[in-house]
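This report is meant for a reader who is meeting the structure for the first time. Please keep the sequence and the 3D view at hand while reading.

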Amino acid sequence: MNAFKKTTLFTDTDERARFCDHLIEFNEGTPQVQLSGSFPCTSYQLRQSPVGFTGPVHCTASPVWVFILGGQMEVILLDRSSRTFKPGESFYAADVLPAGLCSMRRCMGTMHVRLAPML
């Protein structure tokens with residue numbers, strides 16, 4: 001079975017941001033063009049931030065897919081756990097509680113971080 005790893009940043013029952021991973025199966029299409037089920041998307045935006053930029057602690061206003069196109073982005077949770085996402089990787093930001101309880105993002109590596117958030 002081929003699958004895509006979906007990393008989700010979510011708000012847990014203790015109102016803290018956490019990571020979890022799920023597999024999305026490619027269970028449609030043909031062996032040459034394997035597809036997952038469809039997902040809704042209303043818009044997307046491109047973003048670029050310089051190396052070393054660290055954003056403030058914040059929550060996502062509404063859930064959004066984030067696809068890393070270039071550079072590296074580290075997502076740091078309040079418990080100091082973190083994950084670093086590189087080009088070709090993605091995460092689903094669904095940490096939607098009030099500000100101060102979620103996470104911050106830091107741009108790392110040697111080139112600008114380029115990403116595409118999709119709503």
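## Confidence of the model

The term pLDDT stands for the predictor's confidence in each residue, on a scale from 0 to 100. The model shown here is predicted, and its chain averages a pLDDT of 90, with 96% of the residues scoring at least 70. Among the elements of the chain, the highest mean pLDDT, 96, belongs to strand β8 (residues 82-85), whereas strand β11 (residues 113-118) has the lowest, at 88.

## Strand β1 and its partners

Strand β1 (residues 3-11) pairs with strand β2 (residues 17-25) in the antiparallel sense, and nine bridges link the two. One of the paired positions is Ala3, whose bridge partner in β2 is Glu25. The hairpin of β1 and β2 has five residues between the strands, and in this hairpin Glu15 takes a positive phi near 65°.

Strand β1 is also joined to strand β9 (residues 90-94), in this case by three bridges and with the two strands running parallel. Here Leu9 stands opposite Ala93 in β9.

## An open sheet of three strands

The strands β8, β7 and β10 form an open sheet in the order β8-β7-β10, and their pairing is antiparallel. The edge strands of this sheet are β8 and β10 (103-108), each of which pairs on one side only. From one strand to the next, the twist averages 20°.

Within this sheet, strand β7 (residues 72-77) pairs with β8 over four bridges in the antiparallel sense. Glu74 can be found opposite Thr84, which belongs to β8.

## The disulfide

The structure holds one disulfide, which is formed by Cys59 and Cys102, with their sulfur atoms 1.8 Å apart. Because the torsion about the S-S bond of Cys59 and Cys102 is about 85°, the disulfide is right-handed. Cys59 lies in the loop between β5 (47-49) and β6, while Cys102 lies in the loop between β9 and β10, so the pair ties together parts that are 43 residues apart in sequence.

## A nonpolar patch on the surface

On the surface, Tyr44, Leu46 and Leu69 form a nonpolar patch, and together these residues have about 370 Å² of accessible area.

Terms used. Residues numbered from 1 in each chain as written. Predicted model: local features only at pLDDT ≥ 70, side-chain atom pairs only at ≥ 80, totals over all residues. Heavy atoms only, no water. Pairing = 2+ DSSP bridges. Axes fitted to C-alpha atoms, helices over the stretch in contact; angles between N-to-C directions. Patch = residues over 30% accessible without salt bridge, like charges linked within 9 Å, V, L, I, M, F, W, Y side chains within 5 Å. Areas by Shrake-Rupley, 256 points an atom, 1.4 Å probe, with all protein chains shown as cover. Salt bridge = Lys/Arg side-chain N within 4 Å of Asp/Glu carboxyl O. Disulfide = S-S within 2.5 Å.
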